[in-house]
Amino acid sequence: YTGRLLAQAAKKRGLPVLLGGRHRDRLESLARELELPFRVLPLETPAERQFRLDEDARRPIPDADELKRLATEPRPADPTAAPDLNGALYAALAEVDIVLNAAGPFGETAVPLARACIKKNKHYVDICGEFDVLRELKELHGFAKQHGTLLVPGAGLTVLASDCLVRDAVAWAKARGMKEPH
């Protein structure tokens with residue numbers, strides 16, 4: 001819902017927008033409605049990543065001869081292999097300068113997107129209000145700073161909302177003859 005509102009507001013203001021998300025049907029519908037381009041971004045959640053790592057840890061470690069053979073032998077593409085989730089995400093990030101994440105649950109989307117943004121030197125903003133996620137993103141701050149990347153989590157928290165309300169109230173009052181607020 002919020003992502004739709006943000007896309008509508010950005011379009012109305014003439015900002016360049018590339019819609020991205022996990023659900024093709026929702027994206028296509030919104031993209032048609034707003035006449036905007038979109039990219040489907042399958043995102044590996046922390047739970048999916050842990051599952052993949054656990055599965056990999058269960059596989060036997062090849063011996064030295066097998067490793068040499070695997071390194072030199074061309075391998076055909078595996079039609080059953082999982083899609084390269086990061087590849088699709090990185091390709092979409094190449095087309096933008098700033099990512100505005102409105103896709104919850106943020107416990108699944110925020111950290112993977114923020115990490116990808118840092119890696120590709122793209123700025124990251126979200127509307128998260130989940131304390132645990134904000135704490136995780138704070139841990140990425142130093143890394144982001146080293147890469148010249150801004151991380152702005154929680155842009156939709158109450159401070160922003162109350163600032164907007166005050167701005168609108170002042171504009172409303174000025175329209176009715178109020179002098180400058182003090």
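**Figure 1. Overview of the protein chain and its secondary structure.** The protein chain holds 9 helices and 5 strands, where helices (H or I, at least four residues) and strands (E, at least two) are DSSP runs numbered from the N terminus. Followed along the sequence, these elements give the pattern α-β-α-β-α-α-α-β-α-β-α-α-β-α. Of its 182 residues, 23% count as buried, a class defined by a relative accessible area under 20%, with exposed meaning over 50% and partly exposed lying in between (1.4 Å probe, protein chains only). The chain exposes about 13,100 Å², of which carbon and sulfur atoms supply 58%; accessible areas come from the Shrake-Rupley method with a 1.4 Å probe, and for residues only the protein chains shown count as cover. Among contacts (heavy atoms within 4.5 Å) between residues at least 6 apart in sequence, 58% join residues at least 24 apart.

Residues are numbered from 1 along each chain as its sequence is written, and side-chain values use heavy atoms, with hydrogens and water left out. In this predicted model, local features need pLDDT of at least 70 and side-chain atom pairs count only at pLDDT 80 or more, while totals for chains, interfaces and linings use all residues.

**Figure 2. Close-up of the salt bridge between Arg4 and Glu33.** A salt bridge is taken as a side-chain nitrogen of Lys or Arg within 4 Å of a carboxyl oxygen of Asp or Glu, and by this rule the count comes to 5 salt bridges. In the pair shown here, the closest N and O atoms of Arg4 and Glu33 are 2.5 Å apart. Arg4 belongs to helix H1 (residues 2-12) and Glu33 to helix H2 (residues 24-34), so the pair ties together parts that are 29 residues apart in sequence. Arg4 is partly exposed at a relative accessible area of 31%, and Glu33 is likewise partly exposed, at 44%.

**Figure 3. Close-up of the salt bridge between Glu95 and Arg39.** The closest N and O atoms of this pair are 2.8 Å apart. Glu95 is partly exposed, with 45% relative accessibility, and Arg39 is partly exposed with a relative accessible area of 30%.

**Figure 4. Close-up of the salt bridge between Asp168 and Arg167.** Here the closest N and O atoms lie 2.9 Å apart. Asp168 counts as partly exposed at 41% relative accessibility, whereas Arg167, at 51%, counts as exposed.
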